[in-house]
Amino acid sequence: MSIPKLHFMTISNRPQHIRRLASSIEESGVIKYFDFVWVIRFDLEVDDVSDELISFLENLPFNVDFKFTKDKRNCVGGNYSRGIVAKETPTDVWLWQFDDDNSVHPDYAREISSCIQKNPKENVIITWQKDRFRPMKVSDIRVGIIDAANYTWKSDIGRKADFPTIYGADGIFLENILK
């Protein structure tokens, strides 16, 4: 079995968190388990991000694909950019939404890699967040409860659904890709 591809999608309007996120990614060991790319879409103008941060991103020990996609329509939580990334991601890539206020659990990469290897035909993996969401049955996974960081999905199924530009979009998108 070849090494799976995994992209972390971060839509950020808080660049001050990016260094912490990068450390979290490195500490997770994700590059040991995946052909990995961190996809960042800054919901900002280019001038809102320092040259120092851009240099930092260009010199990380893993691939970073960053662009500036300021959403002039003022959609909730960067959802406009999420939809673009979901549609533009190549096929056969796993995607995880990693918001700029999240961190990667130290076991995430190992556990997701193991789950993919044990369940190669699955397209979505649901996880829980400490002190926030712990699904125990399918009915626990619903709009208004699930967060973007609670699921990792195969890019192929993400292409068939638009990412809503409203509050609750995380859950609505998940419902749509599971149809």
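In which strand is His 7 found?

Mentor: The model is a predicted one, and the description that follows should be read accordingly. His 7 is found in strand S1, which spans residues 5-12. Its relative accessibility is 11%, and because buried means under 20%, His 7 counts as buried. Leaving aside neighbours within four places in sequence, His 7 is in contact with Val 37 and Val 39, with Thr 89 and Pro 90, and with Val 93, Trp 94, Leu 95 and Trp 96.

Strand S2 covers residues 35-42, and strand S4 covers 94-97. S2 pairs with strand S3 (residues 63-68) in the parallel sense, over six bridges. Between S2 and S3 the chain passes through helix H3 (residues 51-58), and this β-α-β crossover is right-handed.

On the side of S4, the pairing is with S6, in the antiparallel sense and over three bridges. Leu 95, one of the contacts of His 7, has Trp 153 in S6 as its bridge partner. S6 (residues 151-154) is covered on both faces: Tyr 151 and Trp 153 on one side, and Thr 152 and Lys 154 on the other, are all buried. S6 also pairs with strand S5 (residues 124-126), again antiparallel and over three bridges, and Ile 125 has Thr 152 in S6 as its bridge partner.

The nonpolar packing may be considered next. In soluble globular proteins, nonpolar side chains tend to be buried together. The largest nonpolar core here has 29 residues, of which Phe 8, Ile 25, Phe 36, Trp 38, Phe 42 and Leu 57 touch the most other members. At least two residues of this core come from each of S1, helix H1 (18-28), S2, H3, S4 and helix H5 (108-118). Apart from this core lies another, of 17 residues, including Met 9, Val 39, Ala 86 and Phe 173. Val 39 is also among the contacts of His 7. Ile 25, for its part, is in contact with Phe 8, Val 30, Phe 36, Trp 38, Phe 62, Phe 98 and Val 104, neighbours within four places in sequence being left aside.

Of its 179 residues, 49% count as buried. Among contacts between residues at least 6 apart in sequence, 74% join residues at least 24 apart.

Key: Residues are numbered from 1 along each chain as its sequence is written. This is a predicted model: local features need pLDDT of at least 70, side-chain atom pairs count only at pLDDT 80 or more; totals for chains, interfaces and linings use all residues. Side-chain values use heavy atoms; hydrogens and water are left out. Helices (H or I, at least four residues) and strands (E, at least two) are DSSP runs, numbered from the N terminus. Buried means under 20% relative accessible area, exposed over 50%, partly exposed in between (1.4 Å probe, protein chains only). Contact means heavy atoms within 4.5 Å. Two strands pair if DSSP finds at least two bridges between them. A crossover is right-handed if, with the strands pointing away from the viewer, the path from the first strand over the helix to the second runs clockwise. A nonpolar core is a set of buried Ala, Val, Leu, Ile, Met, Phe, Trp, Tyr and Cys residues joined through side-chain atoms within 4.5 Å.
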